[in-house]
Amino acid sequence: MADVLKKVPVREQEAKVRATNFEEVCYGYDKEEAMEEAVRCLNCKNAKCIQGCPVAIDIPGFISKVKEGDIEGAYKVIGESSALPAICGRVCPQESQCECKCIRGIKGEPVSIGKLERFVADYALEHDIKPQKAEKTNGHKVAVIGSGPSGLTCAGDLAKMGYDVTVFEALHELGGVLVYGIPEFRLPKEKVVKKEIEKVKELGVKFETNVVIGKSTTIDQLMEEEKFEAVFIGSGAGLPMFMGIPGETANGVFSANEYLTRSNLMKAFDDSYDTPIAAGRKVAVVGGGNVAMDAARTALRLGAEVHIVYRRSEAELPARVEEVHHAMEEGIIFNLLTNPKEILVDENGWVCGMRVIKMELGEPDASGRRRPVEIPGSEYEIELDTVIMSLGTSPNPLIASTTKGLETNRRKCIVAEEENGQTTKACVYAGGDAVTGAATVILAMGAGKAGAKGIHELLSNK
Amino acid sequence: MYKILKAENPADKIYLMDVEAPRIARHCEPGQFVIVKMDEKGERIPLTICDYDKEAGTITIVFQTVGASTEKMAGLKAGDSFRDFTGPLGCPSDFIHEDIESLKNKKMLFVGGGVGAAPVYPQIKWLHEHGVDVDVIVGSKTKDMLILEDEMKAVAGNYYSCTDDGTYGHAGMVTTKIEKLVEEGNKYDVCVAIGPMIMMKFVCLLTKKLGIPTIVSMNPIMVDGTGMCGACRLHVGEDIKFACVDGPEFDGHLVNFDEAMKRQQMYKTQEGRALLKLREGDTHHGGCGNCGGDN
């Protein structure tokens with residue numbers, strides 16, 4: 001008999017093997033395992049887990065369908081709230097969302113909500129279960145800028161309500177960070193992302209790739225010339241930051257965005273694709289977020305020895321616990337409480353090392369986090385051939401600077417109402433990282449939903 | 001898909017194509033570029049816009065074969081298509097925002113080197129259409145590599161060509177021609193130089209000495225071309241700029257060319273690729289165009 005206090009364990013690829021390939025690390029549940037885990041759900045009346053989910057999925061509702069073995073029914077319940085369950089089940093930080101509110105978690109492990117959602121969604125992808133389409137269209141034209149999680153969610157929700165939606169994407173593939181940022185071993189592109197986007201297409205959403213709003217056309221022109229009645233901006237936060245230390249323009253120094261884009265979007269890890277990548281033999285990734293873990297684990301799979309260089313301690317790492325755990329298992333070396341001072345460059349203009357300084361945690365600052373302080377005289381050098389800067393990203397100013405009357409704040413984020421996405425410009429809504437700065441996939445989806453609601457309120461009264 | 005309507009080979013290793021891309025044609029201005037991706041497995045390559053027809057909805061691109069991807073692209077014919085074609089990218093040339101009357105009072109010199117003649121063309125054409133005629137120098141290695149001569153002559157004030165080997169026009173580099181024009185008493189308020197980085201560097205060294213403000217169009221390695229990766233970053237004075245969004249045109253007297261040239265070698269040149277392979281050892285991985293990706 002299984003221990004009800006513990007999650008049904010999920011099968012994973014062994015650390016030693018997976019460190020050498022780009023296959024998905026976690027295999028997920030099969031139907032038996034999912035049904036066994038579903039039994040652990042107490043089906044609370046006033047379910048706290050729902051409050052922890054940014055898109056408020058009826059979690060006990062779908063889990064009770066799984067209990068009965070009605071997976072198609074479970075998919076329909078999730079579909080009422082989420083357009084991208086196969087993705088969220090994989091990449092949401094459940095430990096700080098739905099699962100941290102689960103009653104089971106008080107005296108044991110919470111119900112494995114993310115893995116159950118993922119199982120249901122994968123089942124629907126495998127069995128080609130179609131999402132519910134709008135019965136008829138209402139003829140209102142809406143443009144969505146960006147095909148990342150917020151744009152896809154907003155487009156999907158509007159299409160379900162009968163709107164004529166076109167999504168404009170600057171890159172050549174759809175999905176935003178889901179295709180260029182999150183690696184294959186965490187989120188398979190062909191098997192999951194493409195299929196999930198196919199489902200949004202099946203709802204009637206049109207997609208146009210290679211359109212850079214602000215360059216190929218502008219929001220004002222979309223509204224005036226192409227007669228879109230409302231616009232949702234989900235353009236994300238894709239602009240990488242650098243430290244401003246000496247040596248940052250040397251060969252072998254990358255932004256995590258460049259390194260990951262080459263590997264994920266351009267498939268540089270696959271020899272049959274034309275885009276090259278300078279993999280490196282000894283790599284330092286500067287930063288401690290999910291993007292840093294993704295870049296580090298990618299470099300490891302390309303054959304390098306990899307160090308994470310982070311100025312705070314393990315407890316402050318902003319990355320998901322599961323990702324940090326996976327990275328450690330795979331052999332990533334963590335140089336914590338360490339901060340770069342200078343990148344050392346050889347006579348050919350290539351990285352040859354990094355001068356770093358040790359840090360200690362000082363008094364908590366205004367945000368409550370203990371501020372890292374340099375320890376005088378503790379500088380030393382590490383020998384390296386590649387440095388990946390993963391210090392965060394900010395919104396690209398292109399859209400705001402080419403749209404009349406669209407206000408941004410001092411962090412270059414678009415100003416928008418949280419509850420309906422309304423910006424300072426009439427008929428223009430926004431959500432996701434473009435509004436909040438770099439955050440999570442599920443928060444972007446929540447903002448996409450709110451934007452769809454806002455646009456529906458605007459146009460249904462017209 | 002973006003259909004190729006015309007494909008020509010106007011000079012040795014240089015290819016010119018008209019591509020159907022109405023959105024780009026409608027919005028593009030001199031100084032901007034496009035990124036093309038030939039097929040599913042291709043890389044994203046930044047290319048010069050050489051001309052555009054807003055009514056026909058076409059963009060003319062010009063490129064030189066320098067590696068595996070451009071060699072493959074050179075094989076495309078009229079009727080074939082590019083899988084992806086994005087733009088217009090980068091900022092338009094500054095002069096399009098200037099007052100036309102004050103432009104007419106300026107004496108401008110445009111210098112194009114090799115395939116760099118192509119991005120010069122839409123700029124002087126735009127100026128000509130607005131009643132501004134400028135001096136143009138086009139340099140190439142030999143007569144066979146000279147492009148767009150008739151087109152240039154039709155829109156330039158004074159047009160000069162020069163070849164390194166003296167097979168046509170003035171014998172020698174573009175810099176000797178600039179020096180000569182200045183010696184002959186020509187005074188220039190601004191110089192625009194576009195071509196290989198080494199040429200732009202030497203033009204800038206000269207014009208700095210001559211006191212002529214100079215604008216260059218930088219061509220570093222790019223991936224997305226929309227500002228999200230920083231592959232194209234370079235030093236302009238003390239600042240780090242992304243060529244794809246802040247440029248590609250910059251004050252040439254502030255650009256750190258030596259650094260930019262080193263960065264360009266990373267994947268682009270044989271030496272760069274060989275160095276890369278040596279440094280990476282057994283982690284060397286694919287797409288370098290040098291080893292076939294199998295070791």
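Leu337(A) is partly exposed, with a relative accessible area of 25%; the class covers values between the buried range (under 20%) and the exposed range (over 50%), computed with a 1.4 Å probe on protein chains only. Leu337(A) sits in the loop between strand 9 (333–335) and strand 10 (338–345) of chain A. Helices (H or I, at least four residues) and strands (E, at least two) are DSSP runs, numbered from the N terminus. The phi angle of Leu337(A) is near 50°, a positive value in a residue other than glycine.

This is a predicted model, in which local features need pLDDT of at least 70 and side-chain atom pairs count only at pLDDT 80 or more, whereas totals for chains, interfaces and linings use all residues; side-chain values use heavy atoms, with hydrogens and water left out. Residues are numbered from 1 along each chain as its sequence is written, and chains are lettered from A and ligands numbered from 1 in the order in which they are written.

**Backbone features**

Cys427(A) also has a positive phi, near 65°, in a residue other than glycine. Its location is the loop between helix 15 (398–402) and strand 16 (428–430) of chain A. At 22% relative accessibility, Cys427(A) is partly exposed.

Chain B contains a cis peptide bond between Gly87(B) and Pro88(B), with omega about -5°. Pro88(B) belongs to strand 7 (residues 84–89) of chain B. Another cis peptide bond links Gly247(B) to Pro248(B), where omega is about 10°. Pro248(B) occupies the loop between helix 8 (243–246) and strand 16 (249–251) of chain B.

Helix 7 (residues 197–210) of chain B has 14 residues and spans 20 Å from its first C-alpha to its last, close to the 20 Å expected at 1.5 Å a residue. The expected span is 1.5 Å times one less than the number of residues. Buried residues of this helix include Met199(B), Val203(B), Leu206(B) and Thr207(B). An α-helix has 3.6 residues a turn, so residues three or four places apart point the same way. Just after helix 7, Gly211(B) takes a positive phi of about 75°.

Met199(B) and Val203(B) both touch Val174(B), a residue of helix 6 (residues 174–183) of chain B. Contact means heavy atoms within 4.5 Å. Not counting residues up to four places away in sequence, Val174(B) also touches Val111(B), Gly112(B), Ile137(B), Val138(B), Gly139(B) and Cys162(B). Val174(B) is buried, with a relative accessible area of 7%. The C-alpha atoms of Val174(B) and Cys28(B) are separated by 29 Å, and the two residues are 146 residues apart along the chain.

**A residue in contact with both chains**

Thr261(A) lies in helix 12 (residues 256–265) of chain A and is buried, with a relative accessible area of 1%. Leaving aside neighbours within four places in sequence, Thr261(A) is in contact with Tyr180(A) and Met266(A) of chain A, and with Val223(B) and Met228(B) of chain B.

Chain A has 17 helices and 16 strands. Its radius of gyration, 23 Å, agrees with the value near 23 Å for a compact globule of 462 residues. Chain B has 10 helices and 16 strands. The radius of gyration of chain B is 19 Å, close to the 19 Å that the globule rule gives for 295 residues, so chain B is as compact as a globular protein of that length. The radius is taken over C-alpha atoms, and the globule rule is 2.2 Å times the number of residues to the power 0.38.

| Item | Value |
|---|---|
| Chain A, buried residues | 61% of 462 residues |
| Chain B, buried residues | 57% of 295 residues |

Among contacts in chain A between residues at least 6 apart in sequence, 69% join residues at least 24 apart. In chain B, residues 24 or more positions apart account for 62% of the contacts with a separation of 6 or more.

Chain A exposes about 18,400 Å², of which carbon and sulfur atoms supply 51%. For chain B the accessible surface is about 12,100 Å², with 49% belonging to carbon and sulfur atoms. Accessible areas come from the Shrake-Rupley method with a 1.4 Å probe; for residues, only the protein chains shown count as cover.
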